[in-house]
Amino acid sequence: MAPEESGAVARAIAWSTAVLLVVPMVVVVALAVNGSQYVQFQLPPDDVSLKWLREVADSPLWRSALMQSVKVALLSAVLATALGTACALGIRNSRYAGVVQTLMLLPLIVPLIVTALAIYPLWVDLGLLGTTAGLVIGHTVVAMPFAFLTVWSSVGTLDPQLEKAAASLGAGSWQVLRRVTLPLIAPALLASVIVAAAMSFDEIIVSLFIASPQTQTMPVVLWSHLRENLDPTVAAASVFMAAMNLVILFVGIAAGRWAVKRRGAAR
Amino acid sequence: MAAGGGVRPSGARRRVRASPEQWLTLLPIAFLALFFLYPFGDMVWASVSRDGLFAAYAEALDDPFFVRAVVRTLVVSLVCTVACLVLGYAIAYELTRRRTPIRTVILGVVLLTFWISILIRAYSWLAILQPGGVLSDVAGLVGISAESWRLQGTTTAVAIGMVHFLLPYMVLVLIPPLRAVDPALLRAAHSLGASRLRTFWRVTLPLTKGGIVAGCILTFILSIGFYVMPSILGGPANPFVANVIGEQVGTFQAFPVAGAMSVLLTVVVLCLYATLVRVSDPTKILGDSGKA
């Protein structure tokens, strides 16, 4: 046996853990398509029905929460990416890079409950509490570190010669930024939007503090249902949310493919 | 401040003039200063000064409920970190061997888990572990009576949910260092007569020590801030620090005390983060663990 192959113990642990990771997802789907009135698990389910999924899809509450989630995720993803990119581009070559980097990562390091608690009084003072704008700003704070990290890793691979060449050919600094730098890191910008959107879409703790019943996102509605009743609509809503997670993931994978292809074509 | 203009130490070789993108840096800094640093500082100030200097801290530390939550949080986080290390190392090890279809599936499972919202995972474990839930149904199918199993509402349930959440992070942090281990070293150890276990113990493990430390610190940092899992799986009797903070605000409107608890939690997290920075580049670790 080659020494670089894994042993039986490692393999057994790895595979059984992978199964345990999947089981809960399977359970949620099984509960969501269960035709009975109660949360019931049967394999195979003796009454498969899409009625719970349909009920969620038809419910104005869930629909508006989903729309709100998508809206907040898109807005805060774009905002977080713009700010994260500005920071990543600005601090390369800067001697303050280390300090600013730590600053940018703070919202990621500090527990979300602390962030939520800290911003709550300010949101009250600024009239942001319960507004969509307030949610977008709060989610941007949470998502910006991820946007920054994504762009930062790509900024490190930028060839400074290209920008110098453009400048020496007479391009002004704005022109260099717009025509050379940003196109070069475009794939990272896209990845950043996707990562930030995913963060916002899943965000629950800050949203619990600052969303109102009119502006609540999908996770907030799911949370309140989870605490009150365990009827199968919760499972059905979870399936919808997981589907959204997967949509974001696949958009991300497709974007990654596109970036690789583009890089190949540029060569 | 990062605009880079102003004075440079004499002898600086490059011409110093802030480029427009350096000015742009002020935007995100201003944004964070207004919407994160200022409210955070305000919270710290309120926790220190309200009702007498450090009165809120004294109150927090005198609260046995809080102290028990701190101990519970630390113990469960430690257990979860160790569990994640063992399981995550096995998975990452398996994933960095020769690529086979089944390993691709496992990698897919890890990434999929990573992308599914924490709320959904908490709910699914609730549905599995609650009395009369999936676990007892399945146990009943094979003829085991699960009546006496009390998992939901215990720290065990919280730990299960937490490991489910944290494991992908650990795996993704451990994969790059494991991939960097030169197979020639393993073959050399093998040809010199070392058993597989000895090779692992004396070659692979020491070579991936940095990744292990980084993965454990990251997992622990994430663990001690947990709110969702304890709230849904642990029930009211087993709150974590984050839940006690939430309750102080939600139920008692005690902002200074909640602020004091938050500051204490943040200090611990920042100390751990400082350690993480010492052992590795945080932008690499966090970048890997970001949903990238």
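A nonpolar core is a set of buried Ala, Val, Leu, Ile, Met, Phe, Trp, Tyr and Cys residues joined through C-beta atoms within 7 Å. A residue is buried if 20 or more other C-beta atoms lie within 10 Å of its own, exposed if 12 or fewer, and partly exposed in between, with C-beta atoms placed from the backbone. The model is predicted: local features need pLDDT of at least 70 and side-chain atom pairs count only at pLDDT 80 or more, while totals for chains, interfaces and linings use all residues. Residues are numbered from 1 along each chain as its sequence is written, and chains are lettered from A and ligands numbered from 1 in the order in which they are written.

**View 1. The largest nonpolar core has 176 residues.** Touching the most other members are A:Leu117, A:Ala196, B:Ile91, B:Ala122, B:Leu166, B:Val241 and B:Met261. Helix 8 of chain B (residues 155–179) supplies the largest share of this core, 17 residues; helices here are DSSP runs (H or I, at least four residues), as are strands (E, at least two), numbered from the N terminus. Look around B:Met261 and you will find B:Ala60, B:Phe66, B:Val241, B:Val244, B:Ile245 and B:Gln248 touching it, leaving out residues up to four places away in sequence. Contact means C-beta atoms, placed from the backbone, within 7 Å.

**View 2. Chain B meets chain A.** The contact draws 77 residues from chain B and 78 residues from chain A. On the chain B side, helix 2 (residues 26–49) gives the most, with eleven residues. That side divides into 50 nonpolar, 18 polar and nine charged residues, where Ala, Val, Leu, Ile, Met, Phe, Trp, Tyr, Cys and Pro count as nonpolar, Asp, Glu, Lys and Arg as charged, and the others, Gly among them, as polar.

**View 3. Helix 3 (residues 60–91) packs with helix 6 (residues 132–155) in chain A.** Their axes, lines fitted to C-alpha atoms over the stretch in contact, lie 6 Å apart at an angle of about 45°, on a scale from 0 to 180 degrees between N-to-C directions. The two helices of chain A are therefore oblique to each other; angles under 35 degrees count as roughly parallel, over 145 as roughly antiparallel, 65 to 115 as roughly perpendicular and the rest as oblique. Their contact has 18 nonpolar, seven polar and no charged residues.

**View 4. B:Arg150 sits in a loop.** You will find B:Arg150 between helix 7 (134–141) and helix 8 of chain B. B:Arg150 is partly exposed, with 13 other C-beta atoms within 10 Å.

Technical notes: Contact = placed C-beta atoms within 7 Å.
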